[in-house]
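Let's take a walk through a protein structure together. Keep the sequence and the 3D view open, and look up each residue as we get to it.

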Amino acid sequence: MNRVLKFLKYKLVPLTLSALLALGLAACGKSGDVAGNRWVYVPEFLSLEGAADIRWYDVRLVEDNLYYISDTWDEETRAHTSFLHRYSLSDGTADEVELSLPEGVNLDCWTIGVDGCLYAALVIWDWNEATGISNNTYMVAKYDTQGKELFVRDFTDILEGESYLDSIAVDGEGRIYISEHSAMWLFDAEGNPSGNVNLGFGMGGWINCYCRGTDGRVYAAVTSYDGNSSSTELSVINFEKKSLESSYTDFPSAEMMAQDAEENFVVHDRTSVYMYRMKDQKKELLFDWLDCDINGDSIRALNVLSDGRIVAVYEDWNSNESGMVALNRVSADEVKQKQKIVLGMMYQDSELEAAVVDFNKSSDTYHVTIRHYIDYDNWSETSVSDAQTRLNSDIISNNCPDILCLSGINVQQLAAKGVFEDLSPYLEKSSLDRSDKLENVLDAYTYDDRLICIPKRFTVSTIIGSAAQVGEKMGWTLEEMIAFADAHPAAQLFDRMYKEEIMRCCLTYNADSFVDWKTGTCSFDSDEFKALLEFVGRFPSYEEMTNGDGQASMPERIQKGEVLLSEFTVDDLDDMQLYLEMFGGPVTCIGYPNSDGSSGAVLAPRGAYAITSRSQVKEGAWAFIESYLTWEENRYSRWGFPNSRSELARMADEEVNVEYVLDENGEPMLDAHGNPMVVGGGSKGWGWDDWEYYYRVPTQEEVDMVLELIQSARMGSDDNEQIMSIINEEAAPFFQGQKSVDDAASTIQSRVQVYVDENR
């Protein structure tokens, strides 16, 4: 292959800092004192004029340069060509060189050395369909600044089976480090294998990321897990000793890191950026990405420029935005301030973060910041309970968030305390049409005639069975479910369900029958709950259930009559056909057992946010919720049904009224699975073990079954982990024959009552 050298001129077009401040764009960072001045970071979004087809997810930032790779395909010559691009962030110049890659290879991972050369791990994929065995070839390679191959070395023989290499680094001497999760291989400056590093993880651990330091050594952020908690350290990789050494503790949970001229590390952990000082092993939060109007989950590369600015590449799949941003540290007095809205949440949600970025960019008045209660940097088995404690403390203090994400918290318990604002007055005055919302979805979050939340989307969960066995009517009581099991003693009620799973299943829709958070009363010593304990006692323990591994798949066992029911989460209008096929005929969504025998279909809202009654910026909080409810997600991140009658009706119509791909005779063409091909459609399938099903266009009857299920669904019982833990713990002696059912129920009643009294 002939080498081609091209020199291109691109123009770097940043908005000036003064222009950014005049526009009132976001400032991020925790205000600090530098020579007596409060400072913040201001984003400066950069434009690469003339550059195109940058794969933002696969770029490198080295010193003051951006590197990326592009590919071309020549139809006439049937030749594939790759180019390495270098773009200078200091003067806006760029060059492009053709890479003389071997035919048929793929760049698995790559980096740039201090010499400007490209170092790469190459792979030739070779999957044997007949045997199901991979025979891939792995190579380490180096290319000079003109794209010329300096060496390519095959190192397949030192790997164990199929590998997925995830990172490569090069030290100041040109020696190469290649890793795969928790394994690391070393190569000398000529690409010859030089051993591997013993990471010494004990029970478990992994390499987060690499960084070549200003001293030329390679540093690794390494997370270890001891079975209870995880911690991250910064370690130097000793090439000669094949080991990690000089570990620095209290290091952030790094996704990416870079070292500045003062040998401090700038660390990105998906949500924030920290400064880590090696001298005193202390970390300092510099800024949260969301406060810079950037979704931290979208960051693809990070570096510190020679002028001290932090620069990053981002690609947000939720908003379809990508590019580069420089973070400038300025005096806080120079930046226009907005009213702060705090959104508290237990778990991270990249889709929400994209919506927050969109709102913050469009609002001149308000700025939403997210407060995560789970500390992922210092994870332990108590992280969730600790987060709940912190949240509960904030709710009753002056540190209460303005908006709460309702996922992972006991909504009924907090609603009984009056924690949430009634949204009905806001909804009536807004541009949103209440009549277009599904009333049962709104009812799910209505407590004492107060609408506390308007979910954006939802799924529905139910229990499904053969109509010939459970009947055609939805809904049953616990007594009816027990009678059904009694009538089929030779079959299992569910596939591979153990005691705790059955208990959860029976309380999914029914737990509110035993706890009333409004009055603070419990009834776990009732005859109904004792009957539930006795019923659950029939099922195997987890250990007994796992001893049955190796059985046939669930669909096969259902079709043989060995299993009667299945849990079923509906998130698409074409889902019903899967279970019609599995049960081999008409089915009924009989639902979870409940006290009144209603449908037992449980709503699982997504995007559920409430305004707290203690908020001092309720109008701003509502402005965000209204914006979020009308915000268009990326179509690839949507899941579940929209909380909109008109949108649901449109989807139902499009589901059955499709246009088929026709052949020359005007007949529908069939795909590989024998189903008519839909214009603009694709193949969708599902499988358990050897059982597979490929979806077709649903019938109107099937879509109507899903719509009926949606309309009948209501909110299930709040998932209270503490109460379920008490039930399972105190039920165990009864299951093991050590306690009577009366004693077990009495103990559960006593302990749960204490918990309810303490948490009302």
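When we say that two residues touch, we're talking about contact, which means heavy atoms within 4.5 Å. One thing to keep in mind as we go: this is a predicted model.

Let's start with Tyr 445. Leaving out residues up to four places away in sequence, Tyr 445 touches Leu 406, Val 411, Arg 450, Leu 451, Ile 452, Cys 453, Pro 455, Pro 605, Ala 608 and Met 715. Tyr 445 also belongs to the largest nonpolar core, a group of 59 residues, and is listed with Leu 406 and Phe 420 as having the most contacts inside that core. Helix H13, covering residues 576–583, gives this core its largest share, six residues. A separate core of 47 residues lies apart from that one, and its members include Phe 494, Cys 505, Phe 514 and Phe 529.

Now for the aromatic rings. The structure holds 27 aromatic pairs. One of them joins Trp 517 and Tyr 755 in an edge-to-face arrangement, with 6.2 Å from centre to centre and 80 degrees between the planes. Trp 517 lies in the loop between strand E37 (515–516) and strand E38 (521–522), while Tyr 755 is in helix H18 (residues 741–759), so this pair ties together parts that are 238 residues apart in sequence. Both Trp 517 and Tyr 755 are buried.

Another pair is Phe 568 with Tyr 579, and this one is tilted: the centres are 4.2 Å apart, with 40 degrees between the planes. Phe 568 sits in strand E39 (residues 565–570) and Tyr 579 in helix H13, 11 residues apart. Phe 568 and Tyr 579 are buried too.

Rings can also join up in groups. Trp 686, Trp 688, Trp 691, Tyr 693 and Tyr 695 are linked into a cluster by ring pairs. Elsewhere, Arg 329 lies over the face of Trp 39, at 5.3 Å from the ring centre.

What about cysteines? How many disulfides does the structure hold? The answer is zero. Take Cys 209, where the closest cysteine sulfur belongs to Cys 211 and is 7.7 Å away, too far for a bond. To count as a disulfide, the two sulfurs would have to be within 2.5 Å. Cys 400 is in no disulfide either, with its nearest cysteine sulfur, in Cys 405, 14 Å away. Cys 209 counts as buried because its relative accessibility is 8%, and Cys 400 counts as buried at 12%.

Next, have a look at a few loops. Asp 293 is in the loop between strand E27 (282–288) and strand E28 (299–304). Its phi is near 60 degrees, a positive value in a residue other than glycine. Asp 448, in the loop between strand E34 (446–447) and strand E35 (450–451), has a positive phi as well, near 50 degrees. Are these two buried or exposed? Asp 293 is buried, with a relative accessible area of 5%, whereas Asp 448 is exposed, at 51%.

Ser 430 is in the loop between helix H5 (424–429) and helix H6 (439–444). With a relative accessible area of 17%, Ser 430 is buried. Its side chain reaches the backbone nitrogen of Leu 432 at 3.1 Å. Not counting residues up to four places away in sequence, Ser 430 touches Trp 622 and Glu 626.

Our last stop is Asn 657, in the loop between helix H15 (645–656) and strand E44 (685–688). Asn 657 is exposed, with a relative accessible area of 53%. Its side chain makes a polar contact with the side chain of Asp 653, at 2.6 Å.

Notes:
Residues are numbered from 1 along each chain as its sequence is written. This is a predicted model: local features need pLDDT of at least 70, side-chain atom pairs count only at pLDDT 80 or more; totals for chains, interfaces and linings use all residues. Side-chain values use heavy atoms; hydrogens and water are left out. Buried means under 20% relative accessible area, exposed over 50%, partly exposed in between (1.4 Å probe, protein chains only). A nonpolar core is a set of buried Ala, Val, Leu, Ile, Met, Phe, Trp, Tyr and Cys residues joined through side-chain atoms within 4.5 Å. Helices (H or I, at least four residues) and strands (E, at least two) are DSSP runs, numbered from the N terminus. Rings of Phe, Tyr and Trp (its six-membered ring) pair if their centres lie within 6.5 Å; planes under 30 degrees apart count as stacked, over 60 as edge-to-face and the rest as tilted. A charge sits over a ring if NZ of Lys or CZ of Arg is within 6 Å of the ring centre and within 35 degrees of the ring normal. A polar contact is a pair of N or O atoms within 3.5 Å; within protein, one must be able to donate a hydrogen and the other to accept it, and residues adjacent in sequence count only if both atoms are side-chain atoms.
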